[in-house]
Amino acid sequence: MSDWQGWGLQAWNERLLSYFFERREDQQAPVTTLLVTSETLARVTGDSGADPEGARDAFINAVRNGIRTPKSLLENASNYQGWPNPPPRGSTPRFVAHLLFTCVAASESSDDLGNEDSFIARLRELTENQLPGNSLQDLPRLWANLARWLEGNEDRYRRLLLPNPGSFTRIGHTVKLAFPDRRDQKQLSDLLDRAGLAGVEPPVGRVLSAVALDRAKFRPAFQAAFDEFRLQFQKSGVHTQSLFDHRFWTAVREAALRGRGHSDDLTTAVRISLLADEQDDTLSIFAVADADARGAIDTVNFLDLPFAYGSWAFGLVPSARDSVDEEGLSKTATSILSGTTRLPKVSSQVDQGLLPFVEEAHGFWELAAREQLGEATLVLVRQDLLSDFGRLVCPNGRVSKSHYEGWVQVRCSSIPILSFAELSGTSLERAWILQESLAPVSIRLAGGVRADDGWLGVREVLPRVVAIGVSDMLMDGEKGRETLEKVDESSWKLPSRDMSGEITLVALRDGHAEARRSIQLVSAPGSEAFKGPVEPDAWIVEGAGATTTLSSSYPYADDFCAKDQVVLAERVAYLGADVGTFCVNPDLATWRVIHFGNQFIGARGTGYTSEIHPKTQVSDANTRSRWRTMLFKSAPSRLDPGFDRARRSIKGRAISQDLPKVDLEQVVPEMSPLILPVPSDRANRLVKVLAGRASSRSGVPWREWTELALRVLQVDQSRMELLTRAWEEAGLIDVASSARWRHQAVFARRPVFVGFKVGEFTGASLAGLVLPATQDEVRRAAAKRGALVEERRSVSEFVPSTVALRLHSVEDLEALGNTLGFAVRWLDLEGVFGQKIHQHSVASLPPEHYEANTRWPRWSLTRGEVADIEFRHFVRKDKDKPDFWVASSNGATAWSYSLNVARSWAAVMTGDSVLRDSAGHSFEANHAFMPLRLARAIGVMGMGRSGPCSGGSYRYPIGSPLLHQFVAETLFNAFDLSTVSTATFITGHRVIHV
């Protein structure tokens, strides 16, 4: 038993106020009728199992019991502080339930209302004689006070438009608001059901035709309202707001969308729609919901999708299934289109034989609502409607087959709205979505990127403004009032500039404001609170020589590693005893100097003794100057407190010009940071855009990522593979393939400090997708802790830079992480190619039953076709498996879900290398990219981030010679051909021979 049966008067009052007047996304228009029926009261309870008559009786009894003390319905209603004025703004009027009680009395009349006496008699009967005759004079004032209070609280509640009371000066508002009466409500609902309009936005022409034929069955009050509406519609020639607000049309929409005597069942608790993925120009449909409604529909089960598509978080599969996969989603879609499975609202659109789709920001096609029809360009059309659809709606459309029996697919440039007369007598006459209807003028936003409580104001991704039936759109903002540029009949674009702050959109028709909407635009998302995958192990990514899952894609450990990485990670110079000499062997050095954050830090070397003093100087003046600068401008290392006294002891001799000069050939180490491009502002703009998308959904579909990156970075499509790889290797994103269905997505990585021991310091690099403002905050917070800070740029201007740090202790790094809310992980070089992260061994038999495979002759990143290599791509269409690749040569075969892994093995099979050496201790991609885990480890310790160069090559700026050597040795050990030595394998019904 639900608690609504025990609600008192004020509990009903609060819920009725919310139900009838509170603003919602789909409920903005002013209130012009108040249909307080048994069915409505059942919906007010929020209990899907509530009996309408039981709800009605509970409400009547609550009012009767609540007014017994003053023994007057209206005296109790006016018993508040401030009467006869409206209640104060921000308070809750206590008399809403009382007023709606009078509407029940009006709607439950058994015959036409003849005079006030008959209404008073019915109202007195309902209150059990708690209605003194002289109290009725307060009724108009109470209605007026409610209207004024709602207007004063318009930010939350809809306005109430009070009708002219006519000759019934005391009860006129009630009688006209409670329109139509109960009998006419039922009659109207039955008529619309028979006309096939149940559950759809009613087309005005069909409604007028149907009601006109049955006009005599309605009472005089309804007939008068119908005649008045029809006359106004015929005169206006346009869809005005007053027509939509007319009490006749309000009653029609309520009867069509909710019905009389019908329960709302699922529709009040959950929204259901259809999404479609386009594969090879053909739509594959699946049903989705925005809430879990398990058990509500016998034939389907509601299950969590791998990640949400906008508000759509649940997929509908056959009721016997307990997991989401592509096969189950496909079966449900087929059942819906055949009519076997019935879903609220969706099936009524299926019955019409037209399913228009629009491309949405989540990357999929989505079933279009009626107000989106002008944006739909792809339509599923039932076969029997195709001829008339092509003739009347889309004469130049491109028709193709669909996956679904009895349906075809049509591409259109646009879909027009037609009149009832134009469609009458054709096969489309019951395709109500095509017919003109009345709708409130509403302003909505299409596209764009949601951020916090508003939209991202980055100019490349500003949303479009959509409003149907208006002539102009204005914008009030920081630059005053601006007129927006019209894109088409129903949409406008915001000014092409970055914007932030609140703007108000004003829709005009014939110079009059018909609707307003205020929205907030932000310059960047508020944080990096990205939504990660619910099941990281259900997503496949490149691993170390094989593939792994998202949960283990980074070479990080939870525990601090004490191994010193100073020789790999730092810019180090080893100084000899004589002025201007530099040592190759660290063990022979008298002094050791490192450079970081624009500062030299010095210490005595292994070869230092107190007896060593400069005896000679090199003949090159520049080399001598650099030696002296490094030694005498260094800050003393905390690990060598005697360094400063030791160098003072030799300073006089070291700066002397009298030392003998010697000619010496040597390599002077480069201590300055690498000169790399300044990041383009477009790179940081893409960070903001992706952060906004990743904050509202888990995983961005590959197609959407590509479209956003191309639009913001303004680069050629051919560069997308290289730039995406650079963002992956920088640790900004993961590109993953679903292990359960054929789908690829991009996941933004949350910021994290990756630490390692480096000499006297705890080194760290900031990884993850980091907003520019957050990077600035990191620099400030690190500087306050006495840390050295250095910017690390990329080879490409289209990859954001990051921050490298040197702190005095592990505790300092952990405290910095706590201050900024970032996790601290530790670099694990030994685990870069550890066996524990191999999830899909390249030497095992590949997956079976893949229907199609094609040869990839140009598999190499930098070469044309390579002899003696067989490289194939395997695809399993419309199934729940990702693609994979196979490389074969000379008795060795390797397969992988990762293209780069397969490329790497193919490179080794040719006797060539994955990477090639480049000048300055760096590498360039050869046949493949550097293995992802290794690239991310090098990105933490190296001198910069990888990326594509302007000349077309892809470069890794390593820096340290020893780090360069570590990469070469790691690659040599990782790709061992003896582990992939089978010459033949079977997949599906095909045998591949090497």
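Student: Which residue in S35 stands opposite serine 765?
Tutor: This is a predicted model, where local features need pLDDT of at least 70, side-chain atom pairs count only at pLDDT 80 or more, and totals for chains, interfaces and linings use all residues. Residues are numbered from 1 along each chain as its sequence is written, and side-chain values use heavy atoms, with hydrogens and water left out. Strands (E, at least two residues) and helices (H or I, at least four) are DSSP runs, numbered from the N terminus. In S35, the residue opposite serine 765 is alanine 804.

Student: How many bridges join S33 to strand S35?
Tutor: Two strands pair if DSSP finds at least two bridges between them. S33 and S35 (residues 802-807) run antiparallel. The number of bridges joining them is four.

Student: Which residue in S33 does phenylalanine 753 stand opposite?
Tutor: S33 also pairs with strand S32 (residues 752-758), in the antiparallel sense, over seven bridges. Opposite phenylalanine 753 stands leucine 766.

Student: Which residue in the hairpin of S32 and S33 takes a positive phi?
Tutor: The hairpin has two residues between the strands. The phi in question is near 60 degrees. The residue is glycine 759.

Student: How many residues of strand S33 are buried?
Tutor: Buried means under 20% relative accessible area, exposed over 50%, and partly exposed in between (1.4 Å probe, protein chains only). On one side of S33, Phe761, Gly763, Ser765 and Ala767 are buried; on the other, Thr762, Ala764 and Leu766 are buried. For strand S33 (residues 761-767), the count is seven of seven.

Student: How many residues apart are cysteine 394 and cysteine 412?
Tutor: Cysteine 394 lies in the loop between helix H16 (386-393) and strand S8 (398-401). Cysteine 412 lies in the loop between strand S9 (407-411) and helix H17 (420-423). The pair links distant parts of the chain, and the separation in residues is 18.

Student: Why is the disulfide left-handed?
Tutor: Look at the torsion about the S-S bond of cysteine 394 and cysteine 412. The disulfide is left-handed because that torsion is about -130 degrees.

Student: Is cysteine 412 buried or exposed?
Tutor: Its relative accessibility is 7%. Therefore cysteine 412 counts as buried.

Methods. Disulfide = S-S within 2.5 Å.
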